[in-house]
Amino acid sequence: MERLETAITRMLGIRYPIVVAPMFLVSNRPLLEAVARAGAIGLIPALNFRSHAEYRAFLEDWPGELPFGVNLILRHNPRLAEDLAATVEHEVPLVVTSLGDPTPVIEAVHGYGGKVWCDVVGLRHAQKAAAAGADALVAVAAGAGGHAGTVSPFVLAPWLREETGLPVLVAGGLANGAQLLAALALGDGGYFGTRFIATRESGAAPEYKQSLLAASPDDIVYTPEVTGVPANFIKTSLARLQEGARPWKEVWSAGHGVAQIRDLPGAGELVARLVREYQQAKEELP
């Protein structure tokens with residue numbers, strides 16, 4: 001398949017502007033490898049590794065020819081300094097920051113030529129990220145899994161791109177190639193989360209994956225009940241909180257993209273499918 005070139009693919013040297021979001025306790029090495037070999041890029045939270053030593057071991061063992069990225073949480077993260085040091089030492093090509101001032105991370109990563117994107121849910125944080133030197137923004141819009149914003153992706157992505165002049169990734173409900181086409185009309189790439197939980201390689205429990213196949217957007221609840229910050233979760237799993245369930249482990253995050261999830265393909269197969277669906281949707285435009 002021919003390349004789909006955007007500011008994002010040029011920035012990272014990847015074939016397709018398809019980015020698999022860093023998902024807590026779900027993203028893992030098999031998922032990232034399959035996505036990279038298919039021409040896209042995936043990210044993993046540094047905190048998916050139970051210790052800094054495990055994170056460092058992952059970086060040391062990563063196949064150097066494959067693109068990948070890591071997510072660093074900036075607020076209330078006692079491991080940030082040492083995880084950032086390992087990130088710099090191994091020259092991770094892409095870092096996405098969440099929840100806090102990205103300036104120190106941007107300075108450190110730019111020091112070796114890496115790229116830094118910032119998760120944002122509105123213009124104020126986007127402008128701060130741009131002023132700090134971010135290379136791109138992830139517009140976490142309504143309908144995204146996890147800590148989503150409340151602004152429609154149809155508004156948020158082009159608004160942030162127009163106001164900051166930065167490339168923008170569209171996050172919020174993306175699950176098929178037609179939505180990738182829409183994302184490229186609105187921004188510079190598609191940021192997929194929930195759809196890639198439902199793949200063979202993801203680290204989600206089998207029951208979690210099956211719940212995505214059964215869910216509809218009506219089953220997604222936006223609530224601060226789990227973490228203190230509003231986020232989207234599957235309604236049936238929220239009931240476990242009353243039974244002492246561990247948040248994020250037994251309460252399952254998902255976005256409105258569950259509406260288009262019907263199977264559990266391999267992650268590489270899914271990337272190829274998204275590109276085919278994108279091309280078909282583009283050809284069928286009036």
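**Figure 1. Strands E1 and E2 pair in parallel.** In this predicted model, strands E1 and E2 run parallel and are joined by two bridges. Val19 stands opposite Ile41 in E2. Together with helix H2, the strands E1 and E2 form a right-handed β-α-β unit. Five of the five residues of E2 are buried, so E2 is largely enclosed by the rest of the structure. Ile41, Leu43 and Pro45 point to one side of E2, while Gly42 and Ile44 point to the other. In a regular strand, side chains alternate between the two faces of the sheet.

**Figure 2. Strand E2 also pairs with strand E3.** E2 and E3 are paired in the parallel sense over three bridges. Leu43 stands opposite Gly69 in E3. The path from E2 through helix H3 to E3 makes a right-handed β-α-β unit.

Figure 3. Which residues of H3 are buried? In this helix, residues 52-61, they are His52, Tyr55, Phe58 and Leu59. Viewed down the axis of H3, the buried residues fall within an arc of 120°, so they line one face of the helix. An α-helix has 3.6 residues a turn, so residues three or four places apart point the same way. Ala53 and Glu60 are exposed, on the face of H3 turned away from the buried side. The buried residues of H3 pack against helix H2 (29-37), strand E2 (41-45), strand E3 (69-73) and helix H4 (80-89).

**Figure 4. Strand E8 is covered on both faces.** In E8, residues 189-192, Gly189 and Tyr191 lie on one side and Gly190 and Phe192 on the other, and all are buried. Strand E1 (residues 18-20) pairs with E8 in the parallel sense over three bridges. The bridge partner of Ile18 in E8 is Gly190. Strand E7 (residues 168-171) runs parallel to E8 and is also joined to E8 by three bridges. Here Leu169 has Gly189 of E8 as its bridge partner. E7, helix H8 (residues 177-186) and E8 make a right-handed β-α-β unit.

**Figure 5. Helix H6 and its surroundings.** H6 spans residues 123-132, and its buried residues are Leu123, Ala126, Ala129 and Ala132. The elements that cover these buried residues include helix H5 (103-110), strand E5 (115-120), strand E6 (136-140) and helix H7 (153-164). After H6 comes Gly133, which has a positive phi, near 105°.

**Figure 6. The nonpolar cores.** The largest nonpolar core has 77 residues. Ile18, Leu137, Leu160 and Phe196 have the most contacts inside this core. Helix H12 (residues 267-284) supplies the largest share of the core, seven residues. Apart from this core lies another, of 18 residues, among them Ile14, Ile41, Val138 and Ala144.

**Figure 7. The contacts of Phe196.** What does Phe196 contact, leaving aside its neighbours within four places in sequence? The residues in contact with Phe196 include Val20, Met23, Leu31 and Val35. Also among them are Ser202, Ala267, Leu270, Val271 and Leu274.

**Figure 8. The protein chain as context for the close-ups.** The secondary structure of the chain comes to 12 helices and 10 strands. Its radius of gyration is 17 Å, close to the 19 Å that the globule rule gives for 286 residues, so the chain is as compact as a globular protein of that length. The C-alpha trace spans about 55 × 45 × 35 Å along its principal axes. Of the 286 residues, 55% are buried. Among contacts between residues at least 6 apart in sequence, 59% join residues at least 24 apart.

Conventions
Residues numbered from 1 in each chain as written. Predicted model: local features only at pLDDT ≥ 70, side-chain atom pairs only at ≥ 80, totals over all residues. Heavy atoms only, no water. Buried < 20%, exposed > 50% of the residue type's maximum accessible area, 1.4 Å probe, protein only. Helix = DSSP H or I, 4+ residues; strand = E, 2+ residues; numbered from the N terminus. Arc of directions from axis to C-beta. Contact = heavy atoms within 4.5 Å. Core = buried A, V, L, I, M, F, W, Y, C linked by side-chain atoms within 4.5 Å. Pairing = 2+ DSSP bridges. Right-handed = clockwise from strand over helix to strand, strands pointing away. Rg over C-alpha atoms; globule rule 2.2 N^0.38 Å.
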